[in-house]
Amino acid sequence: MTIAGVESSFIEHLKPLYVADEARNMAWLTINQVCKISRSQFLVKKQETLSQEEQISINLILNELKKGKPLQYVLGETEFYGLPFRVNPSVLIPRPETEELVDWILKTIKTRSPLRQTQRTKGEETVYIPPFKIIDIGTGSGCIPVVLKKNVPHASIFAVDISTLALETAIDNAVLNRVEVQFIQDDILNLHSEIQDSKFDVIVSNPPYVRLSEQSQMHVNVLDHEPHLALFVPDDDALLFYDRIVHFASTHLNDQGCLFFEINESLGQQMIALLIKKGFTDIELRKDLRGKDRMIKAVMKHHSISL
């Protein structure tokens, strides 16, 4: 079989699940991993014949895809904000809208004020300045804190998740990308860890926000394979996690500290109302690249400026 033949085979066999462009992209990503070739090489080597070993590997991957298993889980990896991440069914597959959220956070940090350093010298006196602190609540694969640490290396980054398996994956991803993140197992609905006694400059979360009634709108590969614990909330309590995190942020953000969320596209106005009720200001609701209300930012103002 040639590389071009792999494309045709993926398009044909995955027709019940994916449109041609999606299947074609899956073929490219599979060939990239199995054959270790770049996209430019892929274009010029389409008529080259695969080795028997390569064909076997590709067929095994295709068979898994035909069952509806997401390609990222089959390959065991994906890319997020230009960095490699290992993924498995214990964590959600990072989405493009989450990349947009991370980009917003990074731009906010870099434009609003310089990072605070651990100390500065004032004449002969050394003045201690607390380290710039960020926490991600419900970290999953660790994609958000790992990217933030990579881009803001002097910040102290914390990440919380209830799932032991998710935290194992997140720790692997921090090691893979050579960054130091402090991972903590805890339940935001019933906190027991040291984060209860900490203050942060940025709090970010992409918590469960899909209502159970919305399952029918989701692709089978998400419903059958991605962790429901990280996806769904009851219809009658859709803001369950947001309400708890907003309450936590109202007392654990430094003055001028920022709270960022990825949200359900249909709950933007409810989120604004919740944030106003809890005393947040400078609230901004943003659309993702597909034009859906998907991100929100708010600021907690006290008396002194720290961010």
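Which residue in β7 is the bridge partner of aspartate 161? The first close-up holds the reply, and the others tour further spots in this predicted model.

**Figure 1. An open sheet of seven strands, seen from its β7 edge.** The strands follow the order β7-β6-β5-β8-β11-β13-β12, with mixed pairing. β7 (182-185) and β12 (281-287) are the edge strands: each has a single partner strand, so one side of each lacks a neighbour in the sheet. On average, neighbouring strands here are turned by 15 degrees against each other, ignoring direction. Follow β6 (residues 156-161) to see how it pairs with β7 in the parallel sense over four bridges. In one of these places aspartate 161 has glutamine 185 of β7 as its bridge partner. Helix α8 (residues 164-176) packs on the sheet and touches both β6 and β7, and its direction makes about 175 degrees with that of β7.

Figure 2. β12 and β13 run antiparallel and are joined by five bridges. Look for arginine 286, which stands opposite methionine 295 in β13. Five residues lie between the two strands of this hairpin, and glycine 291 in the turn has a positive phi of about 80 degrees. Now find aspartate 282, which belongs to strand β12. Its phi is also positive, near 50 degrees, in a residue other than glycine. Aspartate 282 is partly exposed, with 44% relative accessibility.

**Figure 3. Helix α10 and its histidine 252.** Helix α10 lies across β5 (133-137), β8 (200-205), β11 (253-262) and β13 (293-300), and it runs at about 160 degrees to β11. Histidine 252 is part of this helix, which spans residues 240-252. Is histidine 252 buried or exposed? Its relative accessible area is 12%, and the cut-off for buried is under 20%, so histidine 252 counts as buried. Its side chain reaches the backbone oxygen of glutamine 196 at 2.7 Å. Leaving aside residues up to four places away in sequence, histidine 252 touches Ile195, Gln196, Asp197, Ser198, Lys199, Phe200 and Ile203.

Figure 4. The structure holds five aromatic pairs. One of them joins tryptophan 104 and phenylalanine 260 edge-to-face, at 5.6 Å centre to centre and with 80 degrees between the planes. This pair links distant parts of the chain, since tryptophan 104 sits in helix α6 (residues 96-112) and phenylalanine 260 in strand β11, 156 residues apart. Tryptophan 104 is buried at 4% relative accessibility, and phenylalanine 260 is buried at 1%. Tyrosine 242 and phenylalanine 261 form another pair, with ring centres 4.9 Å apart and planes at 75 degrees, so this one is edge-to-face too. Tyrosine 242 comes from helix α10 and phenylalanine 261 from strand β11, so the pair ties together parts 19 residues apart in sequence. Both of these residues are buried.

**Figure 5. An aromatic cluster and a charge over a ring.** Three phenylalanines, Phe158, Phe200 and Phe248, form one aromatic cluster. Stay with phenylalanine 200 for a moment: the charged end of lysine 133 sits over its ring, 5.2 Å from the centre.

Figure 6. Leucine 75 belongs to helix α5 (residues 71-75) and is buried, at 15% relative accessibility. What does leucine 75 touch, not counting residues up to four places away in sequence? The contacts are Leu29, Gln33 and Ile61. Leucine 75 and glutamine 33 are 42 residues apart along the chain, with 7.9 Å between their C-alpha atoms.

**Figure 7. Tyrosine 81 in a loop.** Tyrosine 81 has its place in the loop between β1 (77-80) and β2 (83-86). Its phi is near 50 degrees, a positive value in a residue other than glycine. With a relative accessible area of 27%, tyrosine 81 is partly exposed.

Methods:
Residues numbered from 1 in each chain as written. Predicted model: local features only at pLDDT ≥ 70, side-chain atom pairs only at ≥ 80, totals over all residues. Heavy atoms only, no water. Buried < 20%, exposed > 50% of the residue type's maximum accessible area, 1.4 Å probe, protein only. Polar contact = N/O pair within 3.5 Å; in protein donor to acceptor, adjacent residues only side chain to side chain. Contact = heavy atoms within 4.5 Å. Pairing = 2+ DSSP bridges. Axes fitted to C-alpha atoms, helices over the stretch in contact; angles between N-to-C directions. Phe/Tyr/Trp six-rings, centres within 6.5 Å; stacked < 30°, edge-to-face > 60°. Lys NZ or Arg CZ within 6 Å of the ring centre and 35° of its normal.
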